[in-house]
Amino acid sequence: MLNGESYLKIKEGVNISPRGDFLIKADKDSGIIQGYYKKIKIQDVPSQIYSKSSNDADHLAMYSHIFDQVSGHVLLLGLGIGGVAALIADIPEVEKLTIGEYNLGAINLFVKGNYPNANKINIINDRSYNINRSYDYIVWDDGIPHPKKPIMAKSKNPTLYPDWNGYNTERGGHIDISNRPWPRMFELDDPRLISVKTRIESLNTKIL
């Protein structure tokens with residue numbers, strides 16, 4: 001584990017799915033859990049592997065503003081390795097969390113993880129743009145939104161997005177750390193990082 005960093009206890013595994021394989025594994029140097037989505041090879045197009053998300057507090061701090069405000073019935077579009085979903089479900093003000101995810105491999109690994117607050121969670125196996133109904137909050141975590149393809153779901157509040165541009169921009173760029181698979185985004189004294197670390201430590205005590 002890297003000094004000074006915090007990690008949510010995400011469980012490793014692999015699930016082969018008709019809609020693409022999903023793999024969760026630890027980086028050998030940093031201890032960071034990484035999620036990989038492998039697209040199926042179609043005809044002569046080779047398989048492609050994408051890093052989706054991770055369990056370190058630095059990555060999850062991109063969502064600190066989301067954790068601080070969501071309540072009621074929340075729709076999370078995009079599951080990744082499940083860190084964001086697990087933290088949202090652990091917020092007392094969140095009564096229900098609906099997750100929209102197309103990849104069955106990611107869904108099955110999250111369900112098998114048996115994380116706390118499962119009674120709050122409902123998962124819809126579909127593309128983000130196909131999910132409808134009304135929610136108190138919608139959290140978009142499914143890549144860059146299509147500019148000409150609006151989502152069908154409705155929200156009582158503005159749609160929330162991760163702070164994708166929060167890569168330490170206030171202080172001049174990435175923070176390069178030796179043996180880390182990618183640079184850190186937040187300084188260790190950043191209030192956003194400290195807030196998410198507190199949430200991670202609380203949830204970790206509930207994960208078996």
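1. Let's start with a pair of side chains: those of Gln34 and Tyr36 make a polar contact at 2.5 Å. A polar contact here is a pair of N or O atoms within 3.5 Å; within protein, one must be able to donate a hydrogen and the other to accept it, and residues adjacent in sequence count only if both atoms are side-chain atoms. This is a predicted model, in which local features need pLDDT of at least 70 and side-chain atom pairs count only at pLDDT 80 or more, while totals for chains, interfaces and linings use all residues. Residues are numbered from 1 along each chain as its sequence is written, and side-chain values use heavy atoms, with hydrogens and water left out.

2. Stay with Gln34 for a moment. Gln34 lies in strand β3, residues 33-38. Strands (E, at least two residues) and helices (H or I, at least four) are DSSP runs, numbered from the N terminus. Is Gln34 buried or exposed? Gln34 is buried, because its relative accessible area is 6%; buried means under 20%, exposed over 50%, and partly exposed in between, with a 1.4 Å probe and protein chains only. Leaving out residues up to four places away in sequence, Gln34 touches Leu23, Ile24, Lys25, Asp27, Ser53, Ile81, Pro181 and Trp182. Contact, or touching, means heavy atoms within 4.5 Å.

3. Next, look at Asp21 in strand β2. Asp21 counts as partly exposed because its relative accessibility is 22%. A polar atom of the Asp21 side chain lies 3.5 Å from the backbone nitrogen of Ser17. Not counting residues up to four places away in sequence, Asp21 touches Asn15, Ile16, Tyr36, Tyr37, Lys38 and Asn103. Arg127 is 106 residues from Asp21 along the chain, and their C-alpha atoms are separated by 16 Å.

4. Asn103 leads us to helix α4, residues 104-112. At the start of α4, a side-chain oxygen of Asn103 reaches to within 2.8 Å of the backbone nitrogen of Gly105. Which residues of α4 are buried? They are Gly105, Ala106, Ile107, Leu109 and Phe110. The buried residues of α4 pack against β1 (13-15), β2 (21-26), α3, β6 and β7 (121-124). Just after α4, Asn114 takes a positive phi of about 50°.

5. Now the sheet. Its 4 strands form an open sheet in the order β7-β6-β5-β9, and the pairing is parallel. Two strands pair if DSSP finds at least two bridges between them. β7 and β9 stand at the edges with a single partner strand each, so one side of each is left without a neighbour in the sheet. On average, neighbouring strands of this sheet are turned by 20° against each other, direction ignored; the axes are lines fitted to C-alpha atoms (for helices over the stretch in contact), and angles run from 0 to 180 degrees between N-to-C directions.

6. You can follow the sheet strand by strand. 4 bridges join β6 to β7, and Ile99 stands opposite Ile123 in β7. β5 (residues 72-77) and β6 (residues 94-100) pair in the parallel sense over 6 bridges, with Val94 in β6 as the bridge partner of Gly72. The chain crosses from β5 through α3 to β6, and this β-α-β crossover is right-handed: with the strands pointing away from the viewer, the path from the first strand over the helix to the second runs clockwise. β5 also pairs with β9 (residues 137-140) over 4 bridges, and the partner of Val74 in β9 is Tyr137. β5 is mostly covered, since 6 of its 6 residues are buried.

7. What about the nonpolar core? Such a core is a set of buried Ala, Val, Leu, Ile, Met, Phe, Trp, Tyr and Cys residues joined through side-chain atoms within 4.5 Å. The largest one has 44 residues, of which Leu8, Phe67, Val70, Val74, Ile88, Leu97 and Val139 touch the most other members. Helix α3 (residues 83-89) gives the most to this core, with 6 residues. Ile88 touches Phe67, Val70, Val74, Val94, Leu97 and Val139, not counting residues up to four places away in sequence. A second, separate core of 9 residues includes Leu75, Tyr129, Tyr135 and Ala153.

8. Asp141 is buried because its relative accessible area is 19%. The side chain of Asp141 makes a polar contact with that of Tyr63 at 2.9 Å.
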